[in-house]
Amino acid sequence: MMGRITSVCFESQTRPASRSVRTMDFRAVKFVFCVVCLVRCSPEQSSTKKNIKKENSAAIEELKKQMEQIVQDLNLIKEQQALQTVCLKGIKIPGKCFLVDTTKKSFHAANDDCIAKGGTLSSPLSGDENDQLYDYVRQTVGPEGHIWLGVNDILKEGEWTDQTGSQIRFKNWESEITHQPDGGRGQNCAILSSTANGKWFDEDCRGEKPSVCQFNIV
């Protein structure tokens, strides 16, 4: 009788212990499985976040470029509108327009004023441009007027350049009577003369004369 009771007690004690062990084993396996999942998933999540950041950065850079382009386009439109307004006061020729300033100034002062307006002193590139500039000067300055041209040999005597520093290809010097340019180092700036039918002369840059600004247009 005593042996049966002991056996039952032993079984009753053993069975709960076995269940407890199985429960602990299950929890341990579940914990290990979660850890493995986290280890495997973490790089993927990290990689996904990095990709999202890269995509966002690329999108932001693209938006910046588009905004910069829009600003440039707007500025160009404003410049074109301003030039159109300026050209309405002067005359248009293919690719550019002329606007006279009848106030007499030195070459450098006239040049600075043209640049401030967004243009340069007029520099004809062909005989046709020179003729149109000459006609405009006669109408605005007068038949005996002279204007500064954007042509000089200030940097090197005898090498006449435009306002960009490039040597000029077209020249219209008066060469039959006075054999221009003949002023040497004392006359390093060029003028267009209405009296001489649009011919060019070299003059002292400190003299004061009217001028014509030119503006490049599309």
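Here are questions and answers on one predicted protein model.

Student: What should I know about the ground rules of this model?
Tutor: This is a predicted model, where local features need pLDDT of at least 70, side-chain atom pairs count only at pLDDT 80 or more, and totals for chains, interfaces and linings use all residues. Residues are numbered from 1 along each chain as its sequence is written, and side-chain values use heavy atoms, with hydrogens and water left out.

Student: What pLDDT does the chain average?
Tutor: pLDDT is the predictor's confidence in each residue, from 0 to 100. Of the residues, 70% score at least 70, and the chain average is 79.

Student: How many helices and strands are in the chain, and in which pattern?
Tutor: Helices (H or I, at least four residues) and strands (E, at least two) are DSSP runs, numbered from the N terminus. The chain has three helices and seven strands. Along the sequence, the pattern reads α-β-β-α-β-α-β-β-β-β.

Student: What share of the 218 residues is buried?
Tutor: Buried means under 20% relative accessible area, exposed over 50%, and partly exposed in between (1.4 Å probe, protein chains only). By that rule, the buried share is 30%.

Student: How many residues are in the largest nonpolar core?
Tutor: A nonpolar core is a set of buried Ala, Val, Leu, Ile, Met, Phe, Trp, Tyr and Cys residues joined through side-chain atoms within 4.5 Å. Among the residues with the most contacts inside this one are Leu133, Trp148 and Trp200. The elements that each supply at least two of its residues include helix 1 (2-89), helix 3 (127-140) and strand 7 (209-216). The core has 35 residues.

Student: How many disulfides does the structure hold?
Tutor: A disulfide is a covalent bond between the sulfur atoms of two cysteines. Here it is counted as a pair of cysteine sulfur atoms within 2.5 Å. The structure holds two.

Student: Why is the disulfide of Cys189 and Cys205 given a hand, and which one?
Tutor: The sulfurs of Cys189 and Cys205 are 1.9 Å apart. Cys189 lies in strand 5 and Cys205 in the loop between strand 6 and strand 7, so the pair ties together parts that are 16 residues apart in sequence. The torsion about the S-S bond is about 95°, so the disulfide is right-handed.

Student: Are Cys189 and Cys205 buried or exposed?
Tutor: Cys189 has 0% relative accessibility. Cys205 has a relative accessible area of 9%. Cys189 counts as buried, and Cys205 is buried.

Student: Which residues are buried in helix 2, and what arc do they cover?
Tutor: Phe107, Ala110, Asn111 and Cys114 are buried in helix 2. They lie on the same side of helix 2, because they cover an arc of only 100° around the axis. The arc is that of the directions from the helix axis to the C-beta atoms. What covers these buried residues includes strand 2, strand 4 and strand 7.

Student: Is Gly118 buried or exposed?
Tutor: Gly118 sits in the loop between helix 2 and strand 3. Gly118 takes a positive phi of about 95°. With a relative accessible area of 56%, Gly118 is exposed.

Student: Which backbone nitrogens does the side chain of Ser193 approach?
Tutor: Ser193 lies in strand 5, and at 2% relative accessibility Ser193 counts as buried. A polar contact is a pair of N or O atoms within 3.5 Å; within protein, one must be able to donate a hydrogen and the other to accept it, and residues adjacent in sequence count only if both atoms are side-chain atoms. The nitrogens are those of Thr195, at 3.3 Å, and Ala196, at 3.2 Å.

Student: Which residues does Asn130 contact, leaving aside neighbours within four places in sequence?
Tutor: Asn130 is in helix 3. Its relative accessible area is 2%, so Asn130 is buried. Its contacts are Pro124, Phe170, Asn172, Leu192, Gly198 and Trp200.

Technical notes
Contact means heavy atoms within 4.5 Å.
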